[in-house]
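I opened this entry to look up contacts between aromatic rings, and charges placed over such rings. My notes follow the display.

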Amino acid sequence: MSEVKVPVEEVLVEESEPQIADPDLEEARPVIPDELNILPLRESVIYPMLIAPLSVARDAGMLLIDQSIGANSRVIGVVAQKHASDEEPGFDDIYEYGCAVIIRSLAKMPDAVRLIVQGIARFRIVEHLQEKPYLRARIEVIDEPEIPADKAEEIEALRRSVAALFDQAIRLSPNLPDELRSLTQAVEETNVMADLVAAHMNLNVEDKQHILETREVLPRLRSLVEMLGKEVRVLELSSKVQNEVNTELSKSQRDYYLREQLKAIQRELGEGGDSAEEIDELRAKIDSANLPQDALKEVNREYDRLRRMSPGAPEYTVARTYIDWIVALPWNTATIDNLELKEVRKVLDADHAGLDKIKERIIEFLAVRKVKKDGHIRQPILCFVGPPGVGKTSLGRSIARSMGRKFARISLGGMRDEAEIRGHRRTYIGALPGQVIQAIRRAESNNPVLMFDEIDKLGNDFRGDPSSALLEVLDPEQNANFRDHYLDVPMDLSKVFFLATANRLDTIPAPLRDRMEIIELGGYTEEEKLEISIRHLVPKQIEEHGLNKDQIVFRKEALRKIIRHYTREAGVRNLEREIANVIRKATLKFAEGRTDKLVVNLDFVEEALGSPRFLHEEVLERDMTPGTAVGLAWTPVGGDVLFIETTKMPSQTRGMIVTGLLGEVMKESVTAAMSYIRSNAKQFKIDPSEFEKSEIHVHIPSGATPKDGPSAGITLVTALASLFTGRRVKPRLAMTGEISLTGQVMPVGGIKEKVLAAHRSGVTTLIIPEDNEKDYLEEVPAEIRSKLKVYPVRKAEQALKIALEPRKA
């Protein structure tokens, strides 16, 4: 039996089921005295013929029991309290009617007295005799009335109704044992049956007290039928609700309940953790993230779903990851731009030599930021185009450092999936935001310098076109509300400083190219390479090889030798590799025991790198026979010289052979050049019959390298004119320009790269289109211009007059 202990007198009916007195074993009804000791009951009513356990825990109650047993009187009165909260009930706090009981057994415990009592008869209190130390009163015993003969049928009908309702209640209630089904048949007396049914039902104290106070059997049965009907209806409704809940309980919900039980077990065992702490921590992150309204609405919706999910549910991780992404983004976190223009210029100059056009553009943007105090400032979107190794990517880091912004880089080379830019929708397993959102999260700022590296190498396939997805990102009119597929909330990208790098422009789609401000980076001059080597490459490689500036020093002439004779490139990547080779050889000497400083001079360079790869200037290595000319070409890796060779062979049929892996545009240039020479043969003193009896072969060496473009047109004209006139092209002379059928020399691109390539190859005289003169003066450094003689021309005959040697007398 369970026991409830209270600090003051209290009597509780034990949780074990009340029993029915066996009429065969029952003694004759004890004599009930007129005066009884009264024991108040809390939340319980005892009826005649009911056997019930009681526990008396207060001093007053235990004193009442002791004095009753000591006076050889086992009969006491029990009356229900009106209010269960009364700790010291008086006569005003108990009901007027109660039940006389006989104490069948008694057991004293250290803190309570346990009794088993049997109800004898109803009584009514007629006089209050005492309240201290316990209640005592004069009573009037109420005997059970006889059943009138004229009411017998009605009473029988009500008895059957009570029995049916009681049976139904037992069936519906999980708290009533099935053994009670026989109670209504086992007890013959209708009044006793009614009392016992009321005792076993889950009725409130007021209803049970009403049954006790109702003397006549007929109204007692009517009240009981009404109470039972109400209770059965409640039980039916509860059963219906429970059945519906059980029907709708899905597997995930059952898993949830089982996991909750498992977590409770784990907590008892000291294992596992409580997801409530994780959920609370997530709520705190959301509240402190200062999210925009749209993002807050969406994340709150996901948070509400997450709270109702089991941690083992498949969608739990999806929702949790989504919330983590939202709160981790820097919605309102920005760095402050460094508006000290002199300091910015100093940082840019320290990191990169040359590149004045880009530096000026950055300074101009910061100047606008400094002057415009309020309102939105449109961020520039710059695209650096130039050959590899000229520092396009490192320039992005330098720009971010000079402005005081965070830097993030996205490599676009080979990217073919549109979702890499816009993200995957959350319906896909393993979905993540696109690279743009990921880069902003890594930068931890909403205004970083974000670089799209190798934007010219984007691809596309069945998964979409990433370059089309970039149209929104790089459009200042749209990117203020960029919506990633994964986040599905607008993200403001208008504060981001976008940069892009490319080796060539023709592979970038026109709409995307139109959104960017193109800044071309030409190759470096020898002086610029020397400056970069001294300031950046040599110190970097010395540090990477574990040496210091006190152990090794480079002579300028040694660096010049490496630049001139071991590398021939637009950028400085190969130069850095060769410097690293030299320093490795020096490191080996120190590892073998050398202690004094090592000076890298011309001899040490040759010892470390072997024989020079480029001993002579390239244009001097070729035999300039008639029919040979030197052109200039632009490639994605910088400028280059282009040797064009022509020859003629006797043949009965006129024709022309073109070799050297030429593209369609260059083949058309060959045809146009030949047509120009033939149509102007008289002017150039060429015998027209030469064309009829000769087959012409035009070849451009490096046959494994694809070549295309119109800029070799004037060179082809010069080579063919040299072939048919027998006049050599002047030494150290190169040219570039597109040719028309009428002999017009039209402008071409990549002038700086071509001029630098010509200078590296030993060219001293240049022929360029007249329309490109301004590009030459603006882009080519003065120290290079001072070493070259340049002829801007508009007509092919002008170029031929300059390029070809005079006729022999």
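I took a residue as buried under 20% relative accessible area, exposed over 50%, and partly exposed in between, with a 1.4 Å probe and protein chains only. The model is predicted, so I noted that local features need pLDDT of at least 70, that side-chain atom pairs count only at pLDDT 80 or more, and that totals for chains, interfaces and linings use all residues. Residues are numbered from 1 along each chain as its sequence is written, and side-chain values use heavy atoms, with hydrogens and water left out.

I counted rings of Phe, Tyr and Trp (its six-membered ring) as a pair if their centres lie within 6.5 Å; planes under 30 degrees apart are stacked, over 60 edge-to-face, and the rest tilted. This rule gave five aromatic pairs. I looked up one of them, Y322 with Y486, and found it tilted, at 5.8 Å centre to centre and 55° between the planes. Because Y322 lies in helix α10 (residues 314–328) and Y486 in the loop between β12 (482–483) and β13 (490–491), the pair ties together parts 164 residues apart in sequence. Helices (H or I, at least four residues) and strands (E, at least two) are DSSP runs, numbered from the N terminus.

Are Y322 and Y486 buried or exposed? I found Y322 buried at a relative accessible area of 0%, and Y486 buried at 2%.

I then checked for a charge over a ring, meaning NZ of Lys or CZ of Arg within 6 Å of the ring centre and within 35 degrees of the ring normal. The charged end of R426 sits over the ring of Y322, 3.9 Å from its centre.
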